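The notes below are meant for a colleague who is opening this structure for the first time. Please keep the sequence and the model side by side while reading the numbered points.

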Amino acid sequence: MDRKRELFGGRGAAILAMAGSAIGLGNIWRFPYMVGQTGGAAFIILYLVCCLLLSLPIFLAEAVIGHRTHAGTFGALEQLAPGTKWKWLGLLTVLSPLVILSYYSVVGGWSMDYLWRSLTAGFHADAIGTVSSEFGGFIASPWAPLLCHTLFLGGCAWIVSAGVKSGIEKFNKVTMPLLFVLIVVIMGYSLTLPGSSAGVSYMLKPDFSKITPSAVAAAMGQSFFSLSLGVGTILTYASYVHEKENILVTGLGTVGFDLLFALIAGFAIMPAVFAAGIEPGAGPGLIFETLPYIFAKMGASAPWLSSLVAVLFFVTIVFAAFTSAISMFEVGVAYLVEQKGLSRRRATLLIFACTWALGALCSLSFGPLSGVKLFGLSIFSFCDMLTSNFLMTFGGLLFVLFVGWKMDRKAVRDEFTCGGTARFNCAVFDAFWLLLRYIAPPAIVIIFITNFLA
Ligand code: PHE
């Protein structure tokens, strides 16, 4: 192990950083709208099952590779399987988080703009259509979203360039507890709105007819996205976890926090949606169209309270997006520093330049570049589809095959059981091994094919 390599300060710091990567737009933006689109409580049940039976083992597999080698994705695979084709998986997982980062930063930028709006003018609307067209106009206008994307990505670069401990760890330590407090406060407010109970029952009462193959694929895809799987971010963060720490504990802590946050976000958003008498299946526009409308509507009776909740809500989104985006950023930086010998500053600048350029194309694809189509999709949707439907699942599959079928069983077991001393973990390991070798690979292939056919 490279002794000069920075490490997280302890178990708490490691869990907060990994939870920071996991908890993001996926929890606050994607999860609630998918619950709304894919059948409420039935989707939540599917999601929980997917997280525990499939995504948790995949998460642990990635973490084992990083923790074992204390190296970034490329270096880790080179270390464990020197001179083999596995290095291509290393390269793929350096590139795919950067593609995600490019469009993620665009949405992060929109959230910053909406935070600014909630702080200044607030939201005023007499009909949901007005808010939607305002949002549509904003994202199609070339300059403002580009500026926001630049600011968002610049913020990430600034944190990452400060280093693993003084940048990433410090930022997550302050932000993550704050995010939990904020989302609980917002949920508390939402649950007191008149008419919110319909939203609560929507979240709790499953309609099992909604469990279809495509709902299963959607739940699986969402759990991949939310747990940052298959793109090397978990691997890279695990490589900064001290060798004495147990990876099972870190993994369980992270997945537990991620699930909890997604559920609280669902209970913060759905009751408000129902209270305002809006259809829950609004789709991706939920947080930028439906919610501002709800804030505007509530503003009529209690203006200061609705403005406050709007500000808290967009603060939560912006910071949650930051903590995830820096984890994607770090994968590329770790590669350039470790494999290409660049200084952290230079590496940060290079990653900033590349992701800024691709992100700018994604941003402009809502306006001036809307005519450019890749496989019938806009540049933004293409990057989203390519990464969430294919690269993440493909990367996840290869990581699972690598740990389950290529790595030495004893080495993996040692990671779980602190060299065989933790007896409870030994039993958990056996279950993990079974899931990893025999259940996860075919399940991922099925999801992959379902996504392909969709
Ligand atoms: N998990 C993050 C979220 O929920 C997104 C992400 C994907 C982060 C891939 C890192 C890598 O928003």
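1. Gly40 counts as buried because its relative accessibility is 1%, where buried means under 20% relative accessible area, exposed over 50% and partly exposed in between, with a 1.4 Å probe and protein chains only. This glycine is found in the loop between helix H2 (25-37) and helix H3 (41-69), helices being DSSP runs of H or I with at least four residues, numbered from the N terminus. Not counting residues up to four places away in sequence, Gly40 touches Val35 and Tyr202, a contact being heavy atoms within 4.5 Å. From Gly40 to Ile128 there are 88 residues in sequence and 22 Å in space, C-alpha to C-alpha.

2. A word on the basis of these values: this is a predicted model, in which local features need pLDDT of at least 70 and side-chain atom pairs count only at pLDDT 80 or more, while totals for chains, interfaces and linings use all residues. Residues are numbered from 1 along each chain as its sequence is written, and side-chain values use heavy atoms, with hydrogens and water left out.

3. The axes of H3 and helix H16 (residues 379-406) come within 9 Å and cross at roughly 65 degrees, the axes being lines fitted to C-alpha atoms over the stretch in contact, with angles running from 0 to 180 degrees between N-to-C directions. H3 is therefore roughly perpendicular to H16, a term that covers 65 to 115 degrees, with under 35 counted as roughly parallel, over 145 as roughly antiparallel and the rest as oblique. On the H3 side the contact is made by Ile58, Ala61, Glu62 and Ile65, and on the H16 side by Gly396, Phe399, Val400, Phe402 and Val403.

4. Helix H5 (residues 86-119) and helix H15 (residues 344-364) pack at an angle of about 55 degrees, with their axes 8 Å apart, which means that H5 is oblique to H15. Among the residues that meet here are Leu98 and Tyr103 in H5, and Ile351 and Cys362 in H15.

5. The largest nonpolar core has 157 residues, such a core being a set of buried Ala, Val, Leu, Ile, Met, Phe, Trp, Tyr and Cys residues joined through side-chain atoms within 4.5 Å. Helix H14 (residues 303-340) gives the most to this core, with 19 residues. Phe8 and Trp110 are among the residues with the most contacts inside the core. Leaving aside neighbours within four places in sequence, Phe8 is in contact with residues including Ala13, Val164, Ile168 and Tyr237.

Note on methods: Helices (H or I, at least four residues) and strands (E, at least two) are DSSP runs, numbered from the N terminus.
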